[in-house]
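Please read them with the structure open.

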Amino acid sequence: MAQRNPYEVLGVGKDAGAEDIRRAYRRLAKQHHPDLNPGNKQAEGRFKELNAANDILSDEKKRARYDRGEIDETGAEKPQYAHANYRDFAEGAPGAKYHAAEGMEPGDLDDILAMFGRGTRGANLRMPGEDFRYVLTVDFLDAVNGAKRRLTLAPDKSLDVTIPAGVRDGQILRLKGQGGEGIGGGPRGDALIEIHVAPHPLFRREGDDIHLDLPVTLAEAQLGGKISVPTPAGDVTMTVPPHSNTGGILRLKGKGAPRPDGSRGDQYVALKVVLPEGGDPELTEFLRKWAPKHPYDPRREMGRGAGKP
Amino acid sequence: MISFEAVCRMVEGIEPRELERWIDERWVLPESRSEGYVFREIDVARVRLIVELRHDLAIGEEAMPVLLNLLDQLYAMRRRMKALADALDALPEETRLALRASFDDGKETE
C-alpha cells in the first residue's frame, strides 16, 4: 500500500502539538483498531497506516527527521503485528471462553433464529420440540406397587407422574407432549423421566422377583407352621414346612413385582433361624440333657483341618 | 501453558500489579493452579489487546468492562455466524443457490 503523508493520515497540520497528535491518533485508532473491527480488512490497513504515522509524529526526533526529508513515511515502521492477534483466537473455538454473559452464546440454529424473534416458524421448518430429561427417585414400595408423584420442574411448573407398578431402577418413563414447544407447528417434545429406585431395608429386588431374609424361631423351623410374612403388597400367611433350616428358601408365587403383561414375579423368602436373645434357661437345660440318637456334624462339608491351625 | 511472569515478559507495557487487577476484574481468565496462574495463547493476546486499549487508546478503567463485554458479544456472534456459514457451505448446491437468492432478495427490501 502506498504510504501517505503522516500528517494527512492523522488529519493534523504541520504545526500540530504533541497533544493534538496524541488525541488525533487515539480518536482514529479507536475507530479502526482491527480487534474492534474483526474481519474488516480496510480497518486493518488503516490501523497499520495510523500506527506508522503515529510512530513518526509522536517521536520528536523522528518527526524532525521526517520534516527534514531524512526518512520517508515508511522509514520508522516497526513490525507492530508480529505476534498473534486477539481476533485470530476469539473467532475460533478458544474464544468461547470469553463469552459475554450467561446465555449469550447461542447454542444452535434455533437459537440464532430466535435471536431475531422468529423462532424457526419463519423458516418453514416443522420439528418436534426438545425432549426434557429428569431424574426421579422413588421409594422401593412405590416402584413395586405403583404411585402418583408430583415432579416440580420449576417454582411455577410441576408435572404429575404416574409411576407404573413394577417399574425398574433405571427405567425411563416418557410423558408425551410434556417437553419443549414444537417448532413451526410441530408437536411438543416429551418429558423423559429416569426412575431411580431407592433401596429398602428388608426387600431386595432382582428383576421382577423380590428377595427377603426372614428370621424364624427354632420351634418354627423344627416343627413348621403358619407364619406371617411381609411382602410389598402387605403381609401374607406362609406355611413353613417342618424340619426347615437357616438358608432354606421358600417361594411365594406371584408375590413379586408386576410385569407389563399383567403377570407377576415371585417373592423368595430365605429362612434364618434365630435363637432367643440372651439364652433361654429351659432351652439350655434341655440341650444339656439332650443326648441325640442321631448325632450330626454341620461342618462335615468343610473337610477336616480346613481353616484350623 | 504460559506463566504469569512469562506474560509480563511477553507483553510490552504491562505491570504485574495491573495484570493482577485485570484478573481480579475477570477481564482475563487464566486457569488458577496450585503453582499459580496458567495462561493460554488467547489469554496473552487478550492481555495485549487490553494493554493497547488501555494505554494506546486511553480507554478508561470504568469503560473497559463495557467495551470488553460488547467485544465478547461481537466475537460470540461472529463464532456463530462462522458456524452458520460452515453449515450453509455443507448444503447441496441447489439449496445454497436458493438460499443465496432469498437472502439477496431480503437485503433489497431492507
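**Notes on the predicted model**

1. The model is a predicted one. Its largest nonpolar core contains 22 residues, and Ala45(B), Val47(B) and Ile50(B) have the most contacts inside it. Four helices each supply at least two residues of this core: helix 5 of chain A, and helix 2 (16–24), helix 3 (41–56) and helix 4 (64–89) of chain B. The biggest contribution is that of helix 3 of chain B, with 7 residues. Both domain 1 (1–61) and domain 2 (63–110) of chain B are represented, each with at least three residues in this core.

2. Ile50(B) deserves a separate look. Once its neighbours within four places in sequence are set aside, Ile50(B) is in contact with two tryptophans, Trp22(B) and Trp27(B). There is also a second, separate core, made of 15 residues. Tyr7(A), Ala24(A), Ala29(A) and Leu57(A) are among them.

3. The next point is the interface. On the chain A side 26 residues are in contact with 22 residues of chain B. Helix 2 (18–32) and helix 5 (86–90) of chain A each supply at least two residues of the side that touches chain B. Sorted by class, that side of chain A has 14 nonpolar residues, 6 polar and 6 charged.

4. In chain A, please check the pairing of strand 8 (residues 225–231) with strand 9 (residues 234–240). These strands run antiparallel and are joined by 7 bridges. They form a hairpin, with 2 residues between them. Within this pair, Pro230(A) in strand 8 stands opposite Asp235(A) of strand 9.

5. Most residues other than glycine have a negative phi. Arg26(B), however, has a positive phi, near 65°. Arg26(B) sits in the loop between helix 2 and strand 2 (31–33) of chain B. How many C-beta neighbours does Arg26(B) have inside 10 Å? There are 10, so Arg26(B) counts as exposed.

6. The other case is Ala58(B), where phi is also positive, near 55°. Ala58(B) lies in the loop between helix 3 and helix 4 of chain B. Ala58(B) counts as partly exposed because it has 15 C-beta neighbours inside 10 Å, a count between the limits of 12 or fewer for exposed and 20 or more for buried.

Note on methods: Residues are numbered from 1 along each chain as its sequence is written. Chains are lettered from A and ligands numbered from 1 in the order in which they are written. This is a predicted model: local features need pLDDT of at least 70, side-chain atom pairs count only at pLDDT 80 or more; totals for chains, interfaces and linings use all residues. Two residues are in contact if their C-beta atoms, placed from the backbone, lie within 7 Å. Ala, Val, Leu, Ile, Met, Phe, Trp, Tyr, Cys and Pro count as nonpolar, Asp, Glu, Lys and Arg as charged, and the others, Gly among them, as polar. Two strands pair if DSSP finds at least two bridges between them. A nonpolar core is a set of buried Ala, Val, Leu, Ile, Met, Phe, Trp, Tyr and Cys residues joined through C-beta atoms within 7 Å. Domain bounds come from an automatic or database domain assignment.
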